[in-house]
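Have the viewer open and follow along, strand by strand and then side chain by side chain.

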Amino acid sequence: MKKSTTATTATTAKKKPKSEPATPKSKRKAGDPSASRIDLPGPDVHGLRELPKLQVDGYSLQLRDNEGFVGDQASQTAFRALLERWRRKHRSDGTDPLGLRHSRDMSKKELDRLLRGQKVSDAANVMHSAIGEFAQELAAVIQRFLHQPSWEKVERIVVGGGFPESEAGERAILEAGAILEEMGVHVQLGRLSHEVDDGGLIGWVHLTPPEMLKKHDAILAIDIGGTNVRCGIVKTRHRKARDFSLAKVVRREKWRHADEKPSRTNFVEHVAGMLEDMVRYAERKKIRLAPFIGIACPGLIRKDGSIARGAQNLPGDWESENFHLPSALWRRMPMIGSGPTLVLMHNDAVVQGLSELPFMRDVGHWAVLTIGTGLGNASFTNRK
């Protein structure tokens, strides 16, 4: 991997009006929010909503009711809280059938084992009760979303995120679909066409500038969540399928940062190290990487690559004017191969939804929900 002290292409920075020329970095004052960013020519291209094949109608909806944000009622965090509540009911009658550990500390595999038992048990009954209540909450959230202008024409919803990969999550989604039908809400609920961990990486093939793919085999992508970070090499395989329907993650690393509780600085350093490991792997395997890094991240992403809101589950203040993740990563990797690196960022639900684009051409309007630490959402309209 070649390093360079100057860049000719990289992540774009927030531009000032034409009447006010950009202040050179060397002349900026200490504490200036723009001092952490890189001023380079070119349009602001983070968080794009207009793409050749579709339009992003909306994402990161934050609807409120008396209990707070509506989406929070249908997250994986909410399911653990429901499960704990059902366990407390059983404790009042005797012992807890799930043991002594709090529900938030139990792995998905542990919870799934309780559902797979051949015999009826108190533990399985508690699980089924929590799943049933969560399904009702999920159906209610979907109904609320469908009343929003950006969702009102949605015909199909793809459900991603970490929760659906568990048996408890899969059952909850099936039950939510049945509840919606009973309510007279006719919308299809489906699962991702590939592994859940791959969705937030594969979606970046649709956001990479086409000219960068012509002489390269793969791209680097990062999917940042409230609990995990996934980093991977995505082979576009665009010569075999121009619609990217055969795009594939050929190497992936997963870091559960929630266990380590890093500072924001340490978080960025760790992610940069993951990317550098991927570059070394690609060099060993002779994979021709495009000079591109795509970052999928929770929250509302501004055109300049800063985060307006919605990153509260990440360590530190990610909405600060003094923090710009694309620039921070670019400084560590200004060159990939022989080319200057372009670093782009978009919302994680949007990117995960884009991974399904080749399989959504039979509907006009569709959406994605990502059930993880929080509830991500995005809606799309296909272009003919």
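Strand β15 is mostly covered, with 6 of its 7 residues buried. Buried here means under 20% relative accessible area, exposed means over 50%, and partly exposed is anything in between (1.4 Å probe, protein chains only). Helices (H or I, at least four residues) and strands (E, at least two) are DSSP runs, numbered from the N terminus.

This is a predicted model, where local features need pLDDT of at least 70, side-chain atom pairs count only at pLDDT 80 or more, and totals for chains, interfaces and linings use all residues. Residues are numbered from 1 along each chain as its sequence is written, and side-chain values use heavy atoms, with hydrogens and water left out.

What does β15 do next? It forms a hairpin with β16, with 3 residues between the two strands. The two run antiparallel, joined by 7 bridges, and β16 spans residues 375-382. Leu369 has Asn377 as its bridge partner in β16. For strands to count as paired, DSSP has to find at least two bridges between them.

How many residues of β4 (residues 156-160) are buried? 5 of 5. Arg156, Val158 and Gly160 point one way, Ile157 and Val159 point the other way, and all are buried. Helix α4 (residues 167-182) comes into the picture too: β4, α4 and β5 make a right-handed β-α-β unit. Right-handed means that, with the strands pointing away from you, the path from the first strand over the helix to the second runs clockwise.

In soluble globular proteins, nonpolar side chains tend to be buried together. A nonpolar core here is a set of buried Ala, Val, Leu, Ile, Met, Phe, Trp, Tyr and Cys residues joined through side-chain atoms within 4.5 Å. The largest one has 73 residues, and Leu220 and Trp318 touch the most other members. Helix α7 (residues 264-284) gives the most to this core, with 10 residues.

## Salt bridges

A search of the whole structure finds 24 salt bridges, each being a side-chain nitrogen of Lys or Arg within 4 Å of a carboxyl oxygen of Asp or Glu. Start with Glu84, which meets Arg87 at 3.4 Å, N to O. Both lie in helix α1 (residues 76-91), 3 residues apart, about one turn of the helix, and both are buried. Glu84 forms a salt bridge with Arg91 as well, the closest N and O atoms being 2.9 Å apart. Glu84 counts as buried because its relative accessibility is 7%, while Arg91, at 33%, counts as partly exposed.

Now hop over to Glu195 and Arg252, whose side chains meet at 3.7 Å, N to O. Glu195 lies in the loop between β5 and α5 and Arg252 in strand β8 (residues 248-255), so the pair ties together parts that are 57 residues apart in sequence. Both count as partly exposed, Glu195 at 49% relative accessibility and Arg252 at 32%. Zoom out and you get a network of salt bridges linking Glu195, Asp197, Asp198, Asp223, Arg230, Arg252 and Lys254.

Is Asp198 buried or exposed? This residue of helix α5 (residues 196-202) counts as buried, because its relative accessibility is 10%. Beyond its neighbours within four places in sequence, Asp198 is in contact with Val249 and Arg252.

pLDDT is the predictor's confidence in each residue, from 0 to 100. The chain has a mean pLDDT of 86, and 88% of its residues reach 70 or more. Over residues 1-43, though, the pLDDT is below 50, and this stretch has 87 contacts in the model beyond near neighbours in sequence. Where pLDDT is low, the predicted coordinates should not be read in detail.

How values were computed
Contact = heavy atoms within 4.5 Å.
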